[in-house]
Amino acid sequence: MDKDIYILAIESSCDETAAAVVKNGREVLSNVIYSQIDIHTLFGGVVPEIASRKHIEKINPVISRALSDSGMTLSEMDAVAVTYGPGLVGPLLVGVAEAKALAYAAGKPLVPVHHIEGHICANYVENKDLEPPFLCMVVSGGHTHLVMVNDYADYTILGRTRDDAAGEAFDKVARAIGLGYPGGPKIDKAAREGDPRAIEFPRGHVRESDLDFSFSGVKSAVLNYLNDCHMKGIEVNTTDVAASFQASIVEVIVEHTMLAARETGARKIALAGGVASNTALRTAMEEACAHHGYSFYKPSPLLCTDNAAMIGAAGYYDFINGIRAGLDLNAVPNLKLGER
Ligand code: KG4
Ligand code: ZN
């Protein structure tokens, strides 16, 4: 493409109000994230109604800042891209309504973006040479998908969780061992001081489907272990529980990814989603890829958790493929990958 394409991207599907300006899908000119974590921490998890209200309060300043940081104006954008699902309906609607208003006022095309597609496309930002096909392990708070990225916006889901998402398991276990919200980063930190072999928690395999996951059993095993210690008056070693739980999750994620690579013949492997910022997972996946001779890609931690730069990257490929939404665009809370 001769002309440079600039996308203003908006993300508000959960508890981050985010906006970014992205050039040609790979160059981030600005990336502003207002995280509501401090507010939701008081309640031990995301409260959808509070999240919606905070998005309304923050979305305009966040977008203004993203434009000013990029040194560009709305009229210089080629399109406005927005996450329209999956996610929490109230929070999604704030971003969608804002994007529609901006697109209408500035006379710009509106591009609807799938949140998970955004997570996958976060890999393009820092890996300019990465092109499909590649295998992507998406591990977020709401999703655990082993995806074959056949082409831009063309995905085959090879495996998924049957119950809890990986991030959900991290959050629930963190709460149970008293680390609080958000659980992932806290377990990641605590696990560095613990012994991953201290307690043998079950692995989240699914008997009849090699590439699927089931994390609810691991979570229950941790809860049972804590209960057992409590009944017997044994003091719980929090760091050992964190490290052993994390080891169980990481092992299964890496094993299934390697199995999928073997089955599909993929030579390039990427991580995506909030849990992809987990240090143990990043190291284990890197080592497994090096062992098998696969190229390994991962976004930097800031681009793993929710942000709008990834929506700008995905939005670019949707835009050049002619994907547009009308002003009747609605939020789709349970949007499936590959659906429009
Ligand atoms: O992708 P994301 O920001 O939001 C969703 O789309 O769900 O993922 C959030 C999830 C939370 O469950 C959080 O605990 C987890 O990612 N997470 C981590 C880490 N950082 C965030 N899990 C494990 N280790 C981390 N360092
Ligand atoms: Zn996300």
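How far is an oxygen atom of ligand 1 from a polar backbone atom of Gly274? Select both: the distance is 3.0 Å, a polar contact (a pair of N or O atoms within 3.5 Å; within protein, one must be able to donate a hydrogen and the other to accept it, and residues adjacent in sequence count only if both atoms are side-chain atoms). Before going on, note that this is a predicted model, in which local features need pLDDT of at least 70 and side-chain atom pairs pLDDT 80 or more, while totals for chains, interfaces and linings use all residues. Residues are numbered from 1 along each chain as written, chains are lettered from A and ligands numbered from 1 in the order written, and side-chain values use heavy atoms, without hydrogens and water.

Stay on ligand 1 and select Gly141, where a backbone N or O atom lies 2.8 Å from a ligand oxygen atom. Next select Asp306, which has a backbone N or O atom 3.1 Å from an oxygen atom of ligand 1. Taken alone, ligand 1 exposes 550 Å², of which the protein buries 88% (Shrake-Rupley accessible areas, 1.4 Å probe).

Now show the shell of 18 residues around ligand 1, meaning residues with a heavy atom within 4 Å of it. Gly141, Asp171, Gly184, Asp188 and Gly274 come nearest. Colour the shell by type: 3 residues are nonpolar, 12 polar and 3 charged, where Asp, Glu, Lys and Arg count as charged and Gly counts as polar.

Which elements give two or more residues to this shell? Select helix H4 (115-126), helix H5 (166-176) and helix H6 (183-191); helices are DSSP runs (H or I) of at least four residues, and strands (E) of at least two, numbered from the N terminus. Then colour by domain, using bounds from an automatic or database assignment: domain 1 (6-122 + 304-320) and domain 2 (131-299) each supply at least three shell residues.

In the loop between H5 and H6, select Pro182; the peptide bond from Tyr181 to Pro182 is cis, with omega near -5 degrees. Pro133 is in the loop between H4 and strand E6 (134-139), and the bond from Pro132 to Pro133 is also cis, with omega near 0 degrees.

Finish at Asn24, in the loop between strand E2 (16-23) and strand E3 (27-35). Asn24 is not a glycine, yet has a positive phi of about 50 degrees.
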